[in-house]
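Here is a short report on how parts of one protein model pack together. Look at the sequence and the structure, then read on.

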Amino acid sequence: MGDGDVFLEFFYLLRAQGIPVSTREWLTWLECIEKGLVAADLGRAYSVGRAVMVKHERHLDTYDLCFAHFFGGAEAPATLHDAIDEWLNTPLPMPQLSPEEFEKLEQLDLDKLREMFEERLKEQDERHDGGNRWIGTGGTSPFGHNGRHPSGIRVGGQGRNRSAIQIAGERRFRAYRSDRVLDTRQLGAALRRLRRLGKGERADELDLEETIRQTAQQAGELEIVMKAPRENTLKLILLMDVGGSMDDHARLVEQLFSAAHQASHFKVFKPLYFHNCVYDSVYEEASMRTKVSLEDLSRQLDKQTRLLFVGDACMSPYELFSVGGMINYYEHNSRTGAECLYSLKTLYPHHAWLNPIPERFWGHPTIEAIADIFPMRELTLAGLSEAIELLSKDVPAS
Amino acid sequence: MFEHFAGTENYIASAELREAVNVALALERPLLIKGEPGTGKTLLASAVAEALGRPLHTWHVKSTSKARDGLYVYDAVQRLHDSRFDDKSVSDIRAYIRFGGLGEAFRSEVPSVALIDEIDKADLEFPNDLLHELDAMSFKVDETGDVHSAKHRPLVIITSNNEKELPDAFLRRCIFHFISFPSPELMAEIVQVHHPDVEQILIEEAISRFYWLRELPELRKPPATSELVDWISALVRGGIKAESITDRVPYLGALIKKERDLKATQRALKSYASRRRK
């Protein structure tokens, strides 16, 4: 049992690294040692330990890293992918600009920005950080990301100042269909309440099986049992904002998505995506490859469909209020974002908006504007429950 | 010494999968198997049963399944039906208790293997409802009051397709193994089992073609092992030579089942072929 002590340390390492091992796993492990399943063979300790300690494939990689680190003293192997990710994900810290410096960076107009951007992109062919001219990270040039220019075009990276005007270049939208989701069960349980809608309150259908069963149990004395129709008719569109300022909330949104996806009780569950604001089309996947126009959508899914937005509703005011203001550099919108949102509102009378930003910070002008269009709730368990109430209400057909 | 699973002639298991099965056997705990579609999750149970010479009891879980269904069902309808005629006594409820896969495994006179297939299909709380039965390996029939306890704790193999997250309390009781998609080497072994007489070069070409296809990012449903095996059968029957699958894919329909994927594959093939010519 001397091995146990070494492994106890390993066990706590696993816990510290986020693998949810409990006393029960530890006792199971001791049982393995007792039964001679592990012996003095490190290879078998690896595979037996894994079978006993890891209960979800999302933790397999962590287990491998811990094992290599603990028993081999090895560093986590850096893959090529990691190197690229590092390039983009660890930008230089934001320069602390004095107010005077900040003022010096005058607001450039949009067309001039585009022009300059294309010029610079042609001139530049390597990584660039800092400075005030090239496209890179952490600088004060209007191009690049994490920079501090008050009105700039963002190139990849995470938007820190939430109002990057337009995005060109790389799109690194997270696919929310990830398996790395933690504790979605509470959200799932909340979403299950959307099922009652389809069932209806009135029990007006003969429950044949139950009638027979109860009649049989009463030795042939007829007992009629009625039930509400079982079939769930609820259709749900989950319309999610991805990328940009939403990256900060990715985990939360992933959880909601995963919960909705797993709640297989909807008649139709349609996840759709947009970036910052909805215009004439939305997208079928988080990578935004396949477009669905609002018109097609209204043909596919009728008025009874519930529409649930998830987004921070934070954008530049003209993304919402101007023609041509959409954030995607390569496209142009002929209707304003607000108009498109209004048309969605009319198309789907059952609607709600979940915002991952806590309610006390909802002072942003576009949040206020959108909260005027759609009833908005926080993306929390309580907020979700309220939104579900809203979606469940019967709206008079007008 | 414990019973030991080492795969079968027809089922090639990786060393880690064998280890996981053996741990589950030794500890008498349920074995939870996850993995991509087409990696042989369901087949594992019959392979283990065959290798150990145990009977297999299967319970396919459906979205409407209740935890009790796997143990037993009381067929009141049959009893009512029988009561209309005088030829049979309906006084014995036991005649109308039908045992489910798990129930049969618990009642088995010899050590057995029980498969609970696709446990994630059922309701979110379903696995929790089975906790007691899986721990104690016994259950009570409410209608008769009979308690059935396992004489030999069966090896319970549970498969999940990740449609739903499983509850923690349930996971803690399980031994877990994730079947990753086979490496090309393991795949060659698997194909060998199904096609022992096909020439090596054709199998090699087909496998490399298959992995190329699987890596196309556009595919919604990448082909899995069974598609590869079927495709090789088609190639053999069609008398296709190894060299002719280097820049085209005959019988593509055996590998790709979605129309959208078919189109994407054809586009990718075109650009691949034009690159090769250059």
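## The nonpolar cores

The largest nonpolar core holds 50 residues. Those with the most contacts inside it are Trp29(A), Val21(B), Leu31(B), Leu44(B), Val48(B) and Ile157(B). A nonpolar core is a set of buried Ala, Val, Leu, Ile, Met, Phe, Trp, Tyr and Cys residues joined through side-chain atoms within 4.5 Å. Buried means under 20% relative accessible area (1.4 Å probe, protein chains only). Helix H1 (residues 15–27) of chain B gives this core its largest share, 8 residues. Helices are DSSP runs of H or I with at least four residues, strands are runs of E with at least two, and both are numbered from the N terminus.

A second, separate core has 34 residues. Among them are Leu71(B), Val141(B), Ile158(B) and Phe176(B). In soluble globular proteins, nonpolar side chains tend to be buried together.

## How the model is read

This is a predicted model: local features need pLDDT of at least 70, side-chain atom pairs count only at pLDDT 80 or more, and totals for chains, interfaces and linings use all residues. Residues are numbered from 1 along each chain as its sequence is written, chains are lettered from A and ligands numbered from 1 in the order in which they are written, and side-chain values use heavy atoms, without hydrogens and water.

## Chain B and Leu31(B)

Chain B has 11 helices and 9 strands. Of its 278 residues, 50% count as buried. Take contacts in chain B (heavy atoms within 4.5 Å) between residues at least 6 apart in sequence: 74% join residues at least 24 apart.

What does Leu31(B) contact, leaving aside its neighbours within four places in sequence? Its partners are Ala20(B), Val21(B), Ala24(B), Leu44(B), Val156(B), Ile157(B), Ile158(B) and Ile175(B).

## Helices that cross

The axes of helix H2 (residues 23–34) and helix H3 (residues 42–53), both of chain A, come within 9 Å and cross at roughly 145°. Axes are lines fitted to C-alpha atoms, for helices over the stretch in contact, and angles run from 0 to 180 degrees between N-to-C directions. From H2(A) come Glu25(A), Thr28(A), Trp29(A) and Cys32(A); they meet Ala45(A), Val48(A), Gly49(A), Val52(A) and Met53(A) of H3(A).

Helix H10 (residues 208–217) of chain A and helix H3 (residues 76–83) of chain B have axes that come within 9 Å and cross at roughly 55°. Ile212(A), Arg213(A) and Ala216(A) in H10(A) meet Ala76(B), Val77(B) and Leu80(B) in H3(B).
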